[in-house]
Amino acid sequence: MGKKKKKYADDDGRIISDMNVDGFSWYRPTKSDKKIADEDKPTRKERHAMMRAWFAAYLPRIFAIVVGFGLAAAIVTCWLNGWFVK
C-alpha cells in the first residue's frame with residue numbers, strides 16, 4: 001500500500017516555485033511551460049529604458065572599482081620603484 005498524502009489546511013494547490021531544475025533526478029528538459037506571450041515582451045522603447053536604468057544604477061559602482069584598482073596599481077608601482085623612499 002502507498003503512503004497517504006498529507007493534507008494541510010492552508011494548501012490551496014498553487015505552485016510557488018518550479019522545481020524542474022537541471023541536476024535533479026526528476027528534471028525534464030523538454031518541459032516548456034514558460035512561454036512568453038507577445039504582450040508580455042518589452043517593447044524596444046522599454047528595453048532601452050531598462051538599459052539606461054541599469055547603466056545609471058551600476059556605472060558609479062563600476063567607476064569606483066576601476067578607480068580603486070587604478071589607485072592601488074599606482075601606489076604599488078610607486079612603492080616598487082622606490083619613489084616613496086627618501
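The following dialogue goes through some assignments in a predicted model and the criteria behind them.

Tutor: Local features in this predicted model need pLDDT of at least 70, side-chain atom pairs count only at pLDDT 80 or more, and totals for chains, interfaces and linings use all residues. Residues are numbered from 1 along each chain as its sequence is written, and side-chain values use heavy atoms, with hydrogens and water left out.

Student: How many helices and strands does the chain have?

Tutor: One helix and zero strands. Helices (H or I, at least four residues) and strands (E, at least two) are DSSP runs, numbered from the N terminus. Helix α1 covers residues 44-81 and contains methionine 51; threonine 77 is also found in helix α1.

Student: Why is the pair of tryptophan 54 and phenylalanine 55 called edge-to-face?

Tutor: Rings of Phe, Tyr and Trp (its six-membered ring) pair if their centres lie within 6.5 Å; planes under 30 degrees apart count as stacked, over 60 as edge-to-face and the rest as tilted. By this rule there are two aromatic pairs. The ring centres of tryptophan 54 and phenylalanine 55 are 5.1 Å apart and the planes stand at 85°, so this pair is edge-to-face. Trp54, Phe55 and Tyr58 form one aromatic cluster.

Student: What lies over the face of tyrosine 58?

Tutor: Arginine 61, at 5.3 Å from the ring centre. The criterion is NZ of Lys or CZ of Arg within 6 Å of the ring centre and within 35 degrees of the ring normal.

Student: Why is methionine 51 called partly exposed?

Tutor: Buried means under 20% relative accessible area, exposed over 50%, and partly exposed in between (1.4 Å probe, protein chains only). Methionine 51 has 47%, so the residue is partly exposed. Tryptophan 54 has 41% and is therefore partly exposed, and phenylalanine 55, with 41%, is partly exposed too. Of the 86 residues of the chain, 2% count as buried.
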